[in-house]
Amino acid sequence: MAVFDETNDDPMLRRAFAIARATRDAGNPAYGAILVGPDGSLLMEQGNTYAEGKDMTAHAERLLATRASRRWRPDFLAGCTLYSSAEPCAMCAGAIYWAGIGRVVFGQSVADLGRRGGGDVDNPTLPLPCRTVFDAGPNRVVVRGPLLEDEAAALQPGFRAGGQAG
């Protein structure tokens, strides 16, 4: 099993936030993800691309997992970390699991996203924690989060401090 270094989690997570911000500014739901290799190098970046084709499954994490699984074998991906601006939904968690990515670090939890208004109406929240999805299978995915949750929540439309969407 891979040993993961947590020392760069905050800066890497903030990189995923920057992708989410750029994605939001391009007219998409504000979600971003990055993939970091076992050596700490940035391998891939991905934002949500719903606006490009009106694809409801075009979540950042699912797209990144698909791209990664086409490029690398699961034995390599087992040592990689996917950083996501928000907790991966059930669909994305399944894609991460099947790709073989060994670790997920996320900003805003699905529970907090729901409390603050559920995010974008074109991208509804499915309130199932990613840990529940990962725990259903025999392969282990290490999860760390929520981290920097208020920063992550501020990316969403209608954000107000204190857990209220406007």
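## Strands at the centre

Five bridges join β3 to β4, and these two strands run parallel; strands pair if DSSP finds at least two bridges between them. Helices (H or I, at least four residues) and strands (E, at least two) are DSSP runs, numbered from the N terminus. On the antiparallel side, β1 and β3 are joined over four bridges, and Ala33 is partnered with Ser84 of β3.

Strand β3 covers residues 81-86, and six of its six residues are buried. Here buried means under 20% relative accessible area, exposed means over 50%, and partly exposed lies in between (1.4 Å probe, protein chains only). Together, β3, α5 and β4 make a right-handed β-α-β unit. Right-handed means that, with the strands pointing away from the viewer, the path from the first strand over the helix to the second runs clockwise.

## About the model

This is a predicted model, in which local features need pLDDT of at least 70 and side-chain atom pairs count only at pLDDT 80 or more, while totals for chains, interfaces and linings use all residues. Residues are numbered from 1 along each chain as its sequence is written, and side-chain values use heavy atoms, with hydrogens and water left out.

## The chain as a whole

The chain holds eight helices and five strands. Read from the N terminus, the order of elements is α-β-β-α-α-α-β-α-β-α-α-β-α. Of its 166 residues, 48% count as buried. The accessible surface is about 7,900 Å², and carbon and sulfur atoms account for 52% of that; these areas come from the Shrake-Rupley method with a 1.4 Å probe, and for residues only the protein chains shown count as cover.

Contact means heavy atoms within 4.5 Å. Taking contacts between residues at least 6 apart in sequence, 64% join residues at least 24 apart.

## Two nonpolar cores

A nonpolar core is a set of buried Ala, Val, Leu, Ile, Met, Phe, Trp, Tyr and Cys residues joined through side-chain atoms within 4.5 Å. The largest one has 23 residues, and the members touching the most others are Leu35, Leu77, Leu82, Ile96, Ile101 and Phe134. Two or more residues come from each of β1 (32-36), α3 (60-71), α5 (90-99), β4 (103-108) and α7 (130-135). The top contributor is α5, with five residues.

If you click on Leu35, you will find that its contacts include Leu64, Ala68, Trp72, Leu77, Leu82 and Ile101, not counting residues up to four places away in sequence. Apart from this core lies another, of 14 residues, among them Ala16, Ile19, Leu147 and Ala152.

Helix α5 is largely enclosed by the rest of the structure, because eight of its 10 residues are buried. They are Ala90, Cys92, Ala93, Gly94, Ala95, Ile96, Tyr97 and Ala99. Their cover includes α3, α4 (74-77), β3, β4 and α7. After α5 comes Gly100, with a positive phi near 95°.

## Aromatic pairs

Rings of Phe, Tyr and Trp (its six-membered ring) pair if their centres lie within 6.5 Å; planes under 30 degrees apart count as stacked, over 60 as edge-to-face and the rest as tilted. The whole structure has two such pairs. Trp72 and Phe76 form a tilted pair, 5.6 Å centre to centre with 35° between the planes. Trp72 is buried, at 18% relative accessible area, whereas Phe76 is partly exposed, at 31%.

The rings of Tyr97 and Trp98 have centres 5.5 Å apart and planes at 90°, so this pair is edge-to-face. Tyr97 counts as buried at 11%, while Trp98 is exposed at 72%.

## Backbone points to look at

Most residues other than glycine have a negative phi, and most peptide bonds are trans. Lys54 is not a glycine, yet it has a positive phi of about 55°. You will find Lys54 in the loop between α2 (50-53) and α3, where it is exposed with a relative accessible area of 54%.

The loop between β5 (142-144) and α8 holds Pro146, and the peptide bond from Gly145 to Pro146 is cis, with omega near 5°. Leu148 is found in the loop between β5 and α8; its phi is positive, about 50°, and it is partly exposed at 21%. Ala153 belongs to helix α8 (residues 149-153) and is buried at 2%.
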